[in-house]
Amino acid sequence: MRYHSPTSFTDAAGIAAGASGLTRFLAGGTDVLVQMRAGMVQPDDLIDLKKIPGVGDITRTDDGGWRIGVAVPGIALGANAGLKTDWPGVVEGMELVGSTQIQGRATLAGNLCNGSPAADSVPGLVAAGATVEITGPEGTRTLPVEELPAGPGKTHLAKGEMVSAILLPPRGQHGGDAYLRFIPRTEMDIAVVGCAVNLTLDGDTIKSARVALGAVAPTVILVPEAAEAIIGTTLDDAAIAKLESVAKSAAKPISDKRGTSEFRVEIAGVLAKRAARIAYARAKGEQA
Amino acid sequence: MSKIHVTTTINGDPVEFLADPRETLLDCLRDKVGLTGSKEGCGTGDCGACSVELDGTLVCSCLVLGVEADGKSVSTIEGMASDNDLHPLQRKFIEHAALQCGFCTPGILVAAKKLLEVNPDPTEEETRYWLAGNLCRCTGYDKIVRAVMDAAAEMRQEVA
């Protein structure tokens, strides 16, 4: 295995594009190193992205959004008061990944590129309307987060391409987001179902919304019809009932050792309404 | 396979070693530097027995490559006591008998030390969540948590 530590994404893309064997990018390494140890993946070229300037930075962009470097660990997200105020749902999703030790290494970009449908940080990013900046041999492009995963363990990144930053849009006024997951214990487990809701208010009325579900399909999914169920409402009982039923219809889970399909469908509805209530309260500036 | 020359700082001392890029920091600490206090339990980041600080961040050294330590500083269990004086956590672990086989103990001490740096007055719940990535199969955790809480009280100069 050849270990590379390029100092620019362009150089990293060049190395990856020119590599003939199996290539892996190294950010936090909490998935890649485990896969290497288990013998699932034996890269010929390992490209460490952490020597690239700026990959450890969280910066506010000119438009009021956020740019999060690919090597920013979970622990640094929660430590950033401004980011946590703007996007508490994104931060709480990432903070559910692994232990304190894992939080010291694991990254949003890695959680996304690992391609797990149960990745805890991804529904929050999708609901937030986050995009990824992708650098490859042909240059740079951006893609909505929900369009990156292609299925379990697979992404739509082409050969030589890598995520070079996560971009969050400006929060704006009267907005709130939240992420909830179900696990059968209190900590250190993989989501059986996850749901993120992001919304903005005009007075008491929901002006815009995005709802994302995790672990109920081959990828994390955006559910536009769930957003439509609550837009224009004050999240009254009728809206909540519609949201619950739409979220359940959108869930197309498998049955496995962590939960049956029927159970996951039921929980998708429950989490959608609870996450919506938290996001709504946060948008109103209330504690939730 | 060409090895990579790594220059790093471990427990305040400059250290150099040659690492195969596939070797973890844990392997390098144990096999090249001779610091065998950090243990390999699972090798996949689940058990925390290999916990160290890398540039002040608590990590599993089994999920860090040795070559990634180049230019960084590493703190291990061997750096916890100063000269002949045990760290208050180490003393409290002995007083409370917060270990049985002892395999998880170095990792738990390193993790607990970091907890008390960022939160000198943790609740029992905060302590248990912080240490959720450190598995112990002997004690049932109760004595560990009590020892950490007692050490925290002593370090705040209170009587628990």
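Predicted model: local features only at pLDDT ≥ 70, side-chain atom pairs only at ≥ 80, totals over all residues.

Student: At what angle do the axes of helix H2 of chain B and helix H5 of chain B cross?

Tutor: The axes of H2(B), residues 88-95, and H5(B), residues 142-155, cross at roughly 135° and come within 8 Å.

Student: Which residues in H2(B) and H5(B) meet?

Tutor: From H2(B) come Pro88(B), Leu89(B), Arg91(B), Lys92(B), Phe93(B) and Glu95(B), and these meet Ile144(B), Ala147(B), Val148(B), Asp150(B), Ala151(B), Glu154(B) and Met155(B) in H5(B). Sorted by class, the residues of this contact of H2(B) with H5(B) comprise 8 nonpolar and 5 charged, with no polar ones.

Student: How do H2(B) and helix H3 of chain B cross, in a left-handed or a right-handed way?

Tutor: The crossing of H2(B) with H3(B) is right-handed. The axes of H2(B) and H3(B), the latter covering residues 105-118, come within 10 Å and cross at roughly 125°, and H2(B) and H3(B) are therefore oblique to each other. On the H2(B) side the contact is made by Leu89(B), Gln90(B) and Phe93(B), while H3(B) brings Thr105(B), Ile108(B), Leu109(B), Ala112(B), Lys113(B) and Leu116(B). By class, this contact of H2(B) with H3(B) holds 6 nonpolar, 2 polar and 1 charged residues.

Student: Now for the strands: in what order do the 5 strands of the open sheet in chain B lie?

Tutor: When you read a sheet, follow the strands from one side to the other and then look at the pairing. In chain B the order is E2-E1-E5-E3-E4, and the pairing in this open sheet is mixed. Strand E2 (13-19) and strand E4 (57-60) of chain B are the edge strands, each pairing on one side only, and from one strand to the next the twist averages 40°. As an example of a pair, E1(B), residues 4-10, and E5(B), residues 73-75, run in the parallel sense over 2 bridges, and there Thr9(B) stands opposite Ser73(B) in E5(B).

Student: Which strands does helix H1 of chain B lie across?

Tutor: H1(B), residues 25-32, lies across E1, E2, E3 and E5 of chain B, and runs at about 105° to E2(B).

Student: What pairing does the open sheet of 5 strands in chain A have?

Tutor: In chain A the pairing is antiparallel, and the strand order is E4-E5-E10-E6-E7. Strand E4 (58-60) and strand E7 (139-144) of chain A stand at the edges with a single partner strand each, so one side of each has no neighbour in the sheet. E6(A), residues 131-136, and E7(A) run antiparallel and are joined by 6 bridges; Glu133(A) has Thr142(A) in E7(A) as its bridge partner.

Student: How far apart do the C-alpha centres of domain 1 and domain 2 of chain B lie?

Tutor: The C-alpha centres of these two domains of chain B lie 22 Å apart, and their contact takes 15 residues from domain 1 of chain B and 14 residues from domain 2 of chain B.

Notes:
Residues numbered from 1 in each chain as written. Chains lettered and ligands numbered in written order. Heavy atoms only, no water. Axes fitted to C-alpha atoms, helices over the stretch in contact; angles between N-to-C directions. Helix = DSSP H or I, 4+ residues; strand = E, 2+ residues; numbered from the N terminus. Contact = heavy atoms within 4.5 Å. Nonpolar A, V, L, I, M, F, W, Y, C, P; charged D, E, K, R; others polar. Parallel < 35°, antiparallel > 145°, perpendicular 65-115°, else oblique. Left-handed = near helix turned anticlockwise from the far one by under 90°. Pairing = 2+ DSSP bridges. Domains from an automatic or database assignment.
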